[in-house]
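Reader: I am new to this structure. Can you take me through it in short steps?

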2 protein chains.
Amino acid sequence: MVIARRIPEATVSRLPLYLRVLGRAAVEGITTISSEVLAERAGVNAAQVRKDLSHLGSYGVRGVGYEVDYLVRQINRKLGLDEDRRIAIIGAGNLGQALASYGGFPERGFHVVAAFDSDPDKVGTSLAGTPVQGISSMVDVLREKRVEIAIITTPASSAQSVADAVVQAGVGSILNFAPATVAVPATVNVRHVDLGVELQVLSFYQQRVARPATPA
Amino acid sequence: MVIARRIPEATVSRLPLYLRVLGRAAVEGITTISSEVLAERAGVNAAQVRKDLSHLGSYGVRGVGYEVDYLVRQINRKLGLDEDRRIAIIGAGNLGQALASYGGFPERGFHVVAAFDSDPDKVGTSLAGTPVQGISSMVDVLREKRVEIAIITTPASSAQSVADAVVQAGVGSILNFAPATVAVPATVNVRHVDLGVELQVLSFYQQRVARPATPA
């Protein structure tokens, strides 16, 4: 067993943000970036950026900053994005459809290899090219396809039973979009996405906005 | 003009997470919570929680912690969640449909008052009860309905032109789900939601998961 150097959870959560900022910087032709600029674009402070990146063994060069390409590779490797991941989507409603057709997944190595729904009318249809299968075969198919990450996009009422089946199938990670908490063994990673969080953040800033006079 | 006490952006971003943790705690019948427990459940450290909450003027009681109900009210007020917000969804595809029917919005005071799509086949249909209108009438309708927050769920290629129209209509905040950066005047708040971020975080933890032997 490899003893991995421990990286704080909050740092792990910020790495994808740095990756996005660095990706945009690369598109702009920027080859080196200071912790200040990276911090400003990511919406955190520069000391935090330096501390986060030090967990990757990246310290930058004083007065120059970080080399963009190199840092992207380091973060990708640390996040395991240099490997392909097999994912399944459970719940073929609007959100499942939207995620299955989300362009950003395949380019980052996330491949939808299976899709499921409990609605007999949806079984046999396609989720962006992946056939939708019934729930009864789910545990077997998840095992057979060696799915690593399950995305739950079912109604809240089904989320726990789906999570139980996913865990039974040996899937290591769950991304839960259902508006319900799911309980899983400590060995399984769960992230909960609440689509309302960003609206709540915007609500804060909206309080300070005076609606401008209607422009001509 | 009211001079608001300045709260760091990172603190604002964490307040919805605390709100979610506190909401669950309340359901469990917990009436007071320590910064340690709140921190652990929110995935941050306790010193950060105390610092964040001090920006709200909340300091807790040594050895007791924070009163859950009171803290929820304070955060709600600070985030402006005690007021109703009029939102519009632009892009009536799968993601627009999923967001329009997302149960968590109305209960937090977010009301979808208008929906738009450029596809003539979608105009006249309904987005969870809100009629879908054409893009040509968008600026007028956004003004007339005094929309405060616009949610962009269009393809990347249309995001900037939609954002321009939204700004022209005087909308103060944009939540952008399109996989594209949009440029707006500094007076407009933009939050970008990348549905791939959480998958990237899971990818990190997935690296440490050994697939268990198939259970019997």
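**Chains, contacts and helices**

Author: This is a predicted model. Start with chain A and its contacts between residues at least 6 apart in sequence. Of these, the share that join residues at least 24 apart is 56%.

Reader: How many helices and strands are there in chain A?

Author: Chain A has 216 residues, and buried ones make up 40% of them. Its C-alpha atoms fill a box of roughly 60 × 60 × 30 Å along the principal axes. The count for chain A is eight helices and nine strands.

Reader: How far apart do the C-alpha centres of domain 1 and domain 2 of chain A lie?

Author: The domain assignment of chain A gives domain 1 as 9-79 and domain 2 as 85-197. Between the C-alpha centres of these two domains of chain A, the distance is 31 Å.

Reader: Is V141(A) buried, exposed or partly exposed?

Author: V141(A) sits in helix α6 of chain A, residues 138-144. Leaving aside neighbours within four places in sequence, V141(A) is in contact with A114(A) and Q133(A). A residue counts as buried with 20 or more other C-beta atoms within 10 Å, and as exposed with 12 or fewer. V141(A) has 18 such atoms, so V141(A) is partly exposed.

Reader: What separates the C-alpha atoms of V141(A) and Y66(A)?

Author: Along the chain, V141(A) and Y66(A) are 75 residues apart.

Reader: Which element gives the most to the side of chain B that touches chain A?

Author: In this pairing, 59 residues of chain B are in contact with 59 residues of chain A. Elements of chain B that give two or more residues include α1, α4 (68-79) and β8 (173-176). By class, this side of chain B has 27 nonpolar, 19 polar and 13 charged residues. With ten residues, the element that gives the most is α8(B).

Reader: Are α1(B) and α2(B) roughly parallel, antiparallel or perpendicular?

Author: Helix α1 (residues 9-27) and helix α2 (residues 35-42) of chain B pack with their axes 9 Å apart, at an angle of about 105 degrees. Angles of 65 to 115 degrees count as roughly perpendicular. Therefore α1(B) is, relative to α2(B), roughly perpendicular.

Reader: How do the residues of the contact of α1(B) with α2(B) divide by class?

Author: From α1(B) come L17(B), Y18(B) and V21(B). They meet L38(B), R41(B) and A42(B) in α2(B). The division is five nonpolar, no polar and one charged.

Methods
Residues are numbered from 1 along each chain as its sequence is written. Chains are lettered from A and ligands numbered from 1 in the order in which they are written. This is a predicted model: local features need pLDDT of at least 70, side-chain atom pairs count only at pLDDT 80 or more; totals for chains, interfaces and linings use all residues. Axes are lines fitted to C-alpha atoms, for helices over the stretch in contact, and angles run from 0 to 180 degrees between N-to-C directions. Helices (H or I, at least four residues) and strands (E, at least two) are DSSP runs, numbered from the N terminus. Angles under 35 degrees count as roughly parallel, over 145 as roughly antiparallel, 65 to 115 as roughly perpendicular and the rest as oblique. Two residues are in contact if their C-beta atoms, placed from the backbone, lie within 7 Å. Ala, Val, Leu, Ile, Met, Phe, Trp, Tyr, Cys and Pro count as nonpolar, Asp, Glu, Lys and Arg as charged, and the others, Gly among them, as polar. Domain bounds come from an automatic or database domain assignment.
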